[in-house]
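Trainee: Please show me the model, and then let us go through it in questions and answers.

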Amino acid sequence: MTDTIESSLKAEHVLRPSKEFAAQANMNDPDIYQKAEDDPEGFWEGLADNIDWYHKWDKVLEWEPPHSQWFVGAKVNASYNCLDRHIRKNGDKVAIHWEGEMGNSESYTYKQLLESTCQFANGLKEIGVKKGDVVTIYLPMIPEAVIAMLACARIGAPHNVVFAGFSSDALAQRVGDAKSRYVITCDGYYHRGKLLDQKEKADKGLDKIEGVEKLVVVDHVANIVPMKDDRDIWWHDLIRGADTECEPEVMDSEDILFLMYTSGTTGKPKGVVHSTGGYLVGTYVTSNWIFDLKENDIYWCTADVGWITGHSYIVYGPLLNGATVVLYEGAPNYPDKDRFWDIIEMYGVTIFYTAPTAVRMFMKWGAKYPQMHDLSSLRLLGSVGEPINPKAWSWYYEQIGGSRCPIVDTWWQTETGMVMITSLPGLTPMKPGSATRPFPGIQASVLDKQGNRVPPGRGGYLAIENPWPSMIRTVYGDEQRFLDTYWSEWGTDIYLAGDGARVDEDGYFWILGRIDDVIKVAGHRLGTMEIESSLVSHPAVAEAAVDGKADEIKGEVIFAYVILSADVPESEELKQELIAHVAEEIGHIARPAGLIIAADLPKTRSGKIMRRVLKAITNGTDVGDVTTLQNPEIVEELKRKVKEASMH
Ligand code: WT7
């Protein structure tokens with residue numbers, strides 16, 4: 001079946017899916033790419049039949065670049081599609097196996113998940129939430145996070161999930177920008193055995209802004225927390241006696257399903273807007289074909305619900321498929337470094353989806369940890385978030401997948417909503433390190449500045465040349481930023497992804513990493529500007545520059561350069577204070593791994609920081625031509641300081 005593709009490959013190192021896997025795969029029609037290319041709208045329209053609609057569309061696509069409307073005029077509800085429609089056949093099937101960090105666990109069948117969702121949806125109505133109101137969810141990896149999302153979807157209230165590890169400032173920023181009057185959090189949670197006080201963080205954040213009317217608090221760890229009289233309400237009080245039925249709101253296909261804030265090139269994160277109908281079609285089919293979801297699979301994606309991966313491939317995609325999902329609260333090394341493999345063995349996980357940074361960490365910890373467990377239930381592995389280097393790929397393939405599981409390396413973004421470049425596990429021969437080919441119906445390409453396709457082997461800008469159902473609709477409250485960020489490089493009909501890439505002679509895509517001021521630290525997306533503005537908000541700092549430094553495990557780590565305000569003396573304490581300040585202002589994930597106090601930064605004669613030179617200094621590579629610098633003498637001094645800092 002794969003022979004036609006296989007025989008045309010010129011490639012060095014190719015691994016083809018086994019005949020057995022290919023034979024049973026949900027998608028194994030080699031003509032699918034051509035069919036989709038010949039008639040993309042017909043392709044998506046056919047797939048839309050996998051979703052239950054109250055009313056079908058008048059038109060598949062309305063494309064007024066860069067604005068798309070999908071399944072125009074159709075009516076649908078996301079929560080109905082994730083829950084109700086599975087009940088008749090599969091009510092007692094487990095939807096979620098939740099595993100707490102402390103070893104406690106809970107399972108929800110589809111019926112139970114539906115009832116809990118309805119109860120909470122009724123609770124939300126009780127406190128005044130109406131269709132169209134943005135509800136912010138600031139919860140860790142607990143079942144209530146999923147229930148809250150589905151409850152919002154049920155009543156037509158867009159959700160705005162904020163990663164639980166973000167700081168109070170980051171929460172305030174996102175609640176404020178979304179003008180969200182309702183927030184959901186919890187009393188606390190355990191991370192690496194340590195109790196984190198989530199409620200305190202939420203309180204601190206909400207103190208900084210106005211307009212939040214209700215804060216719903218999940219009692220997750222019996223932590224004693226102060227409750228604000230007329231604002232705060234316990235989750236369990238809200239659902240006590242609530243009806244276990246709640247009629248799903250009939251939503252327009254283009255109504256907003258959720259907002260998801262993500263870092264960009266300015267100091268302010270942007271609220272990516274996703275709508276309903278197209279998102280459901282896109283996440284349904286990508287989950288079905290890429291993860292090959294079957295009736296008996298136990299599927300585990302280790303992402304956090306606070307990121308897009310959690311939205312599309314823990315919640316919506318898998319539940320639309322009626323799958324059984326594992327949700328793990330905690331860290332991979334608690335209580336020991338074999339925790340993930342223990343979970344796989346315990347639940348009989350068949351599909352495992354994680355990030356390259358995690359794989360590299362496992363690799364460093366050693367094969368003895370996975371070897372302590374029976375991983376023979378696994379049949380498919382996935383990777384997401386950053387490029388996976390061939391060495392980590394091979395380790396993952398051999399040590400975790402026992403050389404029998406295909407790996408899907410899935411390239412996509414918060415903005416794309418669904419996977420865009422990936423192999424189809426029963427169809428596409430794999431090349432370690434390549435995300436392989438665009439998903440059927442997606443026209444990806446690598447362009448130069450002028451918009452010409454670059455020849456095979458050469459690097460360029462990754463672009464998407466046609467609309468797709470789950471694409472970003474706008475930036476919440478900032479249409480101009482939407483236009484400027486994604487649609488201004490070559491015109492309003494070609495999407496600029498922000499990644500560098502190259503295509504090889506076989507048409508395989510190799511993602512080279514971000515080409516803008518976004519860095520990926522352990523798969524987390526951070527804007528250098530955000531961190532710089534956090535640093536300069538400290539009174540001791542006059543100027544700051546933040547850069548990504550290559551790291552063996554995390555891909556990149558944050559490296560900060562700081563120029564102190566006049567008369568502020570340099571000290572080790574101050575450095576630590578500045579590092580802590582960033583972690584406090586943004587969250588632990590933004591904590592600089594290194595910080596250098598500098599007399600100056602490499603600048604052009606007009607006073608602009610020369611990023612290219614800084615990048616070379618940070619990474620100890622050749623700085624190249626520095627004759628256009630205003631202050632070339634600073635280069636050697638900074639290089640020396642970076643070297644010193646890296647020795648600690
Ligand atoms: C950026 C998007 C949506 C997944 C989670 C991250 C990088 C993502 C891959 C991959 C190489 C990848 C890109 C992209 N990225 N997947 N398989 N290979 N790079 O979502 O936070 O919006 O980040 O992650 O740089 O632009 P995100």
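**Sheet, helix and ligand**

Mentor: Strands (E, at least two residues) and helices (H or I, at least four) are DSSP runs numbered from the N terminus, and two strands pair if DSSP finds at least two bridges between them. This is a predicted model, where local features need pLDDT of at least 70, side-chain atom pairs count only at pLDDT 80 or more, and totals for chains, interfaces and linings use all residues. Residues are numbered from 1 along each chain as its sequence is written, and side-chain values use heavy atoms, with hydrogens and water left out.

Trainee: What is the bridge partner of Val562 in E31?

Mentor: Strand E30 (residues 555–564) runs parallel to E31, and 4 bridges join them. In E31, the partner of Val562 is Ile597.

Trainee: How many residues of helix H12 are buried?

Mentor: Buried means under 20% relative accessible area (1.4 Å probe, protein chains only). Helix H12 (residues 308–320) is largely enclosed by the rest of the structure, because the buried residues number 13 of the 13.

Trainee: Which residue has a polar side-chain atom 2.7 Å from an oxygen atom of the ligand?

Mentor: A polar contact is a pair of N or O atoms within 3.5 Å. A backbone N or O atom of Thr410 lies 2.8 Å from a ligand nitrogen atom. The side chain asked about belongs to Arg525.

Definitions and conventions
Buried < 20%, exposed > 50% of the residue type's maximum accessible area, 1.4 Å probe, protein only. Polar contact = N/O pair within 3.5 Å; in protein donor to acceptor, adjacent residues only side chain to side chain.
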